[in-house]
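Q: Can we go through this one together? I have a few quick questions.

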Amino acid sequence: MTSSILVTALQYLGYILIFPGFLFCFLCGNLLIGIDRKLVARMQKRVGPPILQPFYDFFKLCGKETIIPAAASKTTFLLAPLVGLAALVVLQLFIPIRGFSAFSGTADIIVLLYLLLIPALAGILGAAASGSPYAGVGLSREMVTVIACELPLVLVLLAIAKAVGDGTGAGLCFSMGAISEYQIAHGSLICKASMIPAAIAFLMVIPGETGNHPFDAAEAETEICEGMLAEYSGAPLAVYKLTHAVKVLTLTSLFVALFLGGVGVGIPAVDALIVFALCIVVTAIFISLVHAVTARLKIEQLFKYYWTVVSGLALVSLVLAWYGL
Amino acid sequence: MITFNYICSFFLIVLGFYTIVTKYNLVKTVIGMSIMDYGVNLLIISVGYNPGGTAPIFTAGELTKASYFVDPIPQALTLTSIVIGACVTAMSMSLVIRMKESYGTLDTREIRRLRG
Amino acid sequence: MNLMNLMDYHHFPIYSIMVLFLGAFVVAACGTKPSKNLKNPAGARAWIALLATALSLFFLICLVKPVMLGGEIIAYWMGNRAIAGGYAIGIALEVDALSLFFGLLIATAVFVSCLYSIRYMVHDDCVPQYYTLYCMLAGGVLGLVLSGDIFNMFVMVEILTFAAVALTAFRTKVYGALEAAFKYLVVGCMGSTAILAGVIMLYAQYHTLNLAQLATLIPGSMNNATKLAFAFLYIGFSTKAFIVPFHPLAADAHGAAPASISVLISGVLTKSGIYGIIRITYFLFQTMGLGTMQFMLVFIGSVSMFVCVTMALAQHDFKRLLAYHSISQIGYVLAAVGLASGLGFSAGLYHAMNHTLFKGLLFLAAGAVLHETGTTDLGKLGGLSKKMPHTTVLFLVGAFSISGVPPFNGFASKWMIYQATYQRAVETGNIGFLAVTIVALITSVLTLASFVKVTQSVFFGQLPAEYENVKEVPFGMRLAMGILAALCIFTGLFPRLVTTYLTEPAANAILNVGSYIRSMGFKSELILQRADFSQAGVWEPVSWLLILCIALLAVTIVAVASKYDSVSENREKNVAAKYQLFYGGEENVFSQVGGGDLFWGFKHNWRHYFGFMHELHSGVVNDYALWAVVALALAISFMMIVL
């Protein structure tokens, strides 16, 4: 009896710490970023860093001294990056990989929407705690980016809830597990005509949520010294860089889970590889390619873009799903 | 006959609203509130009215079908309402005095520090 | 034996009201001479008021077992004058799960705020009179929700409006306090008059003032006078709930009143308005099944939540911003309650409870800032987290709760509201309800934005030189905030407990009007029904928190192992150049990013809307009165057409 509890506990601990938790996030996230940097460099006719460069950066930063500005509120300043990273890894646990999901009974897609806010919020609070005016400008822009991305994201998720709900006969469906099962049974959601605009809108949201080009007004290095990260150095900065990497992984795998959930063979290990491969494809096209060919948008342009173009696409999808197309 | 009362009471209520909405003097606003109150009081007292009814005092000998009481409850309600109306007037006038002291004017269009 | 009779729990509702009014009387009888104790100028009066509020809370808590769990409805005839000849001639108190639910919220907020007042009001003159008004206000609100008699509801509304107006103007020196009180009085009186007119029109038709008896008589025999009465009553209670178009009064009144009173006005008075609307629409007129009526309430709720959250984004004053948010959250409550489904009621009442808790906490935090710095202007404050660390943490708990960050309580209830509205949209096929879900979700993120603004402008960023000597607030104030913060976290982590023991009994009470009528001794054909509380989604805050804690622990261990915090401790005293802020090599000068316009990227795109809204909220009392009249006219036409 006790031994079976122990085994279960160890199993869940394994989920959290190794797969699909920390170790997986750490490796795959950094790998995605490495590939992204290499691709962008190649597209710009540069040689670019080695693909493992994010790992080197991480360990190098961890060895540096952590400088805490005199104006900063120390606890918040140091705690914020950790909370953000932990919350993001927990979020990754809720995203099913073709039917396999460690904790799908814990949260549904509306909760995911809010859990996605926590890393951004942690970053904002950490930036605010640093006391720097650059960070102040950065957090203002970050918050506006979050607001901008929220509307299309909401519309996309509601459209999915309605489409899957219609398919299963429940009327509406918020559960991640049910969405994944539906796709395994009926094929990926992206094959439905009504979901195509939503998928495109979601893909457009990904660079905004992760703060990649051209939606990186919050971190604009050349303009406001990396904004929210202006005061961070050493290990906290490493954690932030890792958070960014994991966020890319989370959002791309969320896209795969929501729209390409039917792809796979049924063997968990192979499926995980397929999902990761799909993540790389999504990253390559919608983060690297977009990065290489666009210039940074001003914050008000960013906002306008998301609330008109992207939200419009998502709305089309929602209305189509509403009328059962 | 009682219909006229109802018409009058609603006329008074509307007149009160009109005064509050259109008059820019604080004292007139207070007067408008009072008029509104009187309208409601008139309405209440009219509701309890019985044509030919006597005062609602209960004595055993008088209790025949021929003699109706006027309804006593609305009268009690009116009393409550009148008292409350007096309190409203007192409170608002004291506020008006303090506002005149601190703003130096009674014009509602100039008493708008809090807006937006 | 006699004593045992007195301790029968059927007497407890009237005790809980009585102790408050008795407290008001005793405090007033103590005279107006301030005590010599500088830390508590009200002397024993403060303790009397605290005792009265504590007793009131105690009596109501004793009722939880029979009413919430046992499902009993306490019908209490004052002076034992029960029904005679089929008519209710006495005055009654009737406590069902709904009344008790609101009563508990009110008593909790009143008690905590009273605890806070003791140290908060030290700088004011006339503190002795403060507690009289305070107890009157508390007694008025409690009397309103426990009353079983519609005229008594009106009297209580007047008492609480009066006390609230007087307390709004209490700090006569404060910028705009008198003006706020006057505006509130004018429009509040229009609302009270509307309630009185509505009551009397009902009386003219049915010759009774008892709520239960009215509920038996009205539904079958609606005529134009009844509909008119409905419109008047609805508008009257809307002014008490401050929903659109009465929100500017809330902003003025909450902003100008002392923080401990803002807690009551926003956490308690608005609830009494919502309670009134629920009683009128669902008990007296029983409009549960009416689609148009549902749509009107939901529509007004969504307009309130959106308009007020955008107004809040444009504010430059801490308390005024909180006031607009308060009405925005009330919009959520109204939208959920307007759905008239079991889940909707449960979600709306849950949010009402959470609103009392987190809004109280936020206003108390704002009061703490005002108490120490003397201002609530977002543009002047900054960097207080180093001077007031406890207040900062407590404020953050409140801010996270109101913005619906998991696992705090605001999220649990908002999440239920999203489901309830979306479920209704799917059931009816009405795309309007879908829009409500979207508006609610967007409002939530805008709320977050505006609290990020407050956090950055008040607690983080750089400390202005004049606040160098600011200290943490006294323990009594922190204790009051701590109680509310603990409740915020508790109700967020255990939503199942809250819904089972508090909101679902109350929701059942709304749906079972028949038992409300029968327990008062009247006949009703309405059958008992069980509400459907099933939800489409899943959310397990405790297991989420457990996973997060494990994850956080893991990250922290790794971080500490890689000398995460390697700085020497004495850096505050002799700050080396590298510990100064990053200015690209230039000298460190004071520059705080914050204030009202923090989110220009957002506001720029909405500038026409914000400009229009700023013009509209002109601050002239005539305009607000006009809105009230127009709202009344619209409500009358709506009721005439729809009912």
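This is a predicted model: local features need pLDDT of at least 70, side-chain atom pairs count only at pLDDT 80 or more; totals for chains, interfaces and linings use all residues.

Q: Fine. Is A:Y305 buried, exposed or partly exposed?
A: A:Y305 has 17 C-beta neighbours inside 10 Å, so it counts as partly exposed.

Q: Which helix is A:Y305 in?
A: Helix α13 of chain A, residues 299-322.

Q: What does A:Y305 touch, leaving out residues up to four places away in sequence?
A: A:L297 and A:V310. As for A:A148, 157 residues from A:Y305 along the chain, the two C-alpha atoms are separated by 8.4 Å.

Q: Switching to chain C. How many residues of α14(C) are buried?
A: 21 of the 21, so α14(C) is largely enclosed by the rest of the structure.

Q: And what should α14(C) span?
A: The helix runs over residues 318-338, and at 1.5 Å a residue it should span 30 Å. Its end C-alpha atoms are 30 Å apart, which agrees.

Q: What comes just after α14(C)?
A: C:A340, with a positive phi of about 60 degrees.

Q: Now the contact between chains C and B. How many residues from each?
A: Chain C gives 36 residues and chain B gives 34.

Q: Which helices of chain C each supply at least two residues there?
A: α7 (150-168), α8 (177-206), α11 (247-256) and α25 (621-642). The largest share, 14 residues, comes from α8(C).

Q: What about residue class on that side of chain C?
A: The side touching chain B has 24 nonpolar, 9 polar and 3 charged residues.

Key: Residues are numbered from 1 along each chain as its sequence is written. Chains are lettered from A and ligands numbered from 1 in the order in which they are written. Helices (H or I, at least four residues) and strands (E, at least two) are DSSP runs, numbered from the N terminus. The expected span of a helix is 1.5 Å times one less than its number of residues. A residue is buried if 20 or more other C-beta atoms lie within 10 Å of its own, exposed if 12 or fewer, and partly exposed in between; C-beta atoms are placed from the backbone. Two residues are in contact if their C-beta atoms, placed from the backbone, lie within 7 Å. Ala, Val, Leu, Ile, Met, Phe, Trp, Tyr, Cys and Pro count as nonpolar, Asp, Glu, Lys and Arg as charged, and the others, Gly among them, as polar.
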